[in-house]
Amino acid sequence: MSKSFTLKDCCDFQEGYVNPSQKQPEYFGGNIKWLRASDLNNRYVYDTERTLTEKGFESAGKSAKLFSKDTIAISKSGTIGLLGILKDEMCGNRAIINIHVKQNLSNLMYVFYTLQHKRNELINKSGGSIQKNLYISALETLTLNHVCKDDQTKIANVLSTLDQKIELNNRINAELEAMAKTLYDYWFVQFDFPNEEGKPYKSSGGKMVYNTTLKQEIPDGWVDKQLNSVVERIGTGLNPRDNFKLGEGNNYYITIKDIEQGRIIFSDKTDRVSDVTLDIINKRSDIKVGDILFTSIQPVGLTYLIHEKPVNWNINESVFTIRANESLVTSEYLFKLLSSEQMKVFSKNSSSGSIHKGIRHGVLKNFVFAYANLSVIKKFTEMITPLLQKQYKLEIENNNLQSLRDFLLPMLMNGQVTVK
């Protein structure tokens, strides 16, 4: 390891500046990707949530220019230190700083991992009396421990290999999720489940009957049911209040911020609880294999299917745990029903609250859907289960890869571990 040098020695910096007026609809919906802090995911950024027209981009002024492809974006305010490697040209808003790494002097990915490793240092360097902001001057003085580019490249390759595998698994899981959704919609929205001859029911002329409750035609023999009639139990976790304290112990305390669709995110940001507290929460939630987690406040309706009995985690009061009545439905079918677009619309329209909108489990139970029969549901379950199991295995693999990466990152950066 050689003496340290700074980001200023090997990088150029560019402030974001595009914050177009929301009152100008002609500024939005064009072909220019508009990068905001919410688009940064500490991974590659291929796309953005919103886009601008040429007119919207020009509103920033004549000096405005796009962030280049294969550069690093970092959030300078709000949640400071969120990162992304841009895989396309984008314009950045005022909460973003763009970092262009001079490839002849340093390795792009090594700089990216240095910024990850030294995020707390950057937060501490941020200035401002009311709202903290990360300034270019603070970035410029950040040190890079490995001056030799070959050493940087070796370290970056180790960490990148892990991240690339995680990214690949995420793409596979996105495809599996899309396949599972298409299959559910094909059977239970379009009503083209296989008939007795193996042909799609509705498309092959299967008899449809108008249902006055659902206000639509459904297959002959199907009925309308409330969610309450196919659910054995709806429970919740427990909020701290007078029950326990957060931050004591090594068990994860899962809230809505830790749940994405079909995933639980175990991270340093997840609250922790002690073994004693975990036992207290377990008695309330009573989570079992096959239960479905359902977020009850914004974002309402994110779901997760429990594949294994939780060992070192449990949920808070804002997360429902829903158990199937197996005499009528399977857990896998119930999971897809609770994840369906119909449920999302119902949850949104049924949510209430002045500050944080949410849905009560008494209201959720009133959701009405077209019910086939257990035989059809079991056939659907046979097809969907391999997809769900594959997704779960890849999530477990990703958790292990992330743990390995997070374990290696500080040791590689500090020189405790070297790459031969």
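**Close-up views of a predicted model**

**View 1. Lys215 is exposed, with a relative accessible area of 66%.** Exposed here means over 50% relative accessible area, buried means under 20%, and partly exposed is what lies in between, as judged with a 1.4 Å probe and protein chains only. This is a predicted model, in which local features need pLDDT of at least 70 and side-chain atom pairs count only at pLDDT 80 or more, while totals for chains, interfaces and linings use all residues. Residues are numbered from 1 along each chain as its sequence is written, and side-chain values use heavy atoms, with hydrogens and water left out. Lys215 sits in the loop that runs between strand E11 (208-211) and strand E12, where helices (H or I, at least four residues) and strands (E, at least two residues) are DSSP runs numbered from the N terminus. Most residues other than glycine have a negative phi. Lys215, by contrast, has a positive phi near 60 degrees, although this residue is not a glycine.

**View 2. Asn42 also has a positive phi without being a glycine, at about 60 degrees.** The loop that holds Asn42 lies between strand E3 (28-35) and strand E4. With a relative accessibility of 30%, Asn42 counts as partly exposed.

**View 3. Thr48 lies in the loop between strand E4 (43-45) and strand E5 (50-52).** Is Thr48 buried or exposed? Its relative accessible area is 11%, so Thr48 is buried. The side chain of Thr48 makes a polar contact with the backbone oxygen of Arg50 at 2.8 Å, and a polar atom of this side chain also lies 3.3 Å from the backbone nitrogen of Trp34. A polar contact is a pair of N or O atoms within 3.5 Å; within protein, one atom must be able to donate a hydrogen and the other to accept it, and residues adjacent in sequence count only if both atoms are side-chain atoms. Leaving aside residues up to four places away in sequence, Thr48 touches Lys33, Trp34, Leu35, Asp39 and Met90, where contact means heavy atoms within 4.5 Å.

**View 4. Helix H2 (residues 108-117) packs against helix H5 (residues 149-188) at an angle of about 75 degrees, with the axes 8 Å apart.** Axes are lines fitted to C-alpha atoms, for helices over the stretch in contact, and angles run from 0 to 180 degrees between N-to-C directions. H2 and H5 are therefore roughly perpendicular to each other; angles of 65 to 115 degrees count as roughly perpendicular, those under 35 as roughly parallel, those over 145 as roughly antiparallel, and the rest as oblique. On the H2 side the contact involves Met109, Tyr110 and Tyr113, which meet Gln152, Ile155, Ala156, Leu159, Ser160 and Asp163 in H5. These contact residues divide into six nonpolar, two polar and one charged, where Ala, Val, Leu, Ile, Met, Phe, Trp, Tyr, Cys and Pro count as nonpolar, Asp, Glu, Lys and Arg as charged, and the others, Gly among them, as polar.

**View 5. H2 also crosses helix H10 (residues 374-414), at roughly 105 degrees, with the axes coming within 10 Å.** H2 is therefore roughly perpendicular to H10. Tyr110, Tyr113, Thr114, Gln116 and His117 of H2 make the contact with Leu409, Pro410, Met413 and Asn414 of H10. The residues of this contact divide into five nonpolar, four polar and no charged.

**View 6. Three strands form an open sheet of mixed pairing, in the order E18-E15-E21.** The edges are strand E18 (271-273) and strand E21 (313-315), each of which pairs on one side only, and the twist averages 35 degrees from one strand to the next. Two strands pair if DSSP finds at least two bridges between them. Strand E15 (residues 251-254) and E18 run antiparallel and are joined by three bridges, and Tyr253 stands opposite Asp271 in E18. Helix H6 (residues 275-285) lies across E15, E18 and E21, running at about 45 degrees to E21.

**View 7. A cis peptide bond joins Gln298 and Pro299, with omega at about -5 degrees.** Most peptide bonds are trans. Pro299 is placed in the loop between strand E19 (292-295) and strand E20 (303-305).
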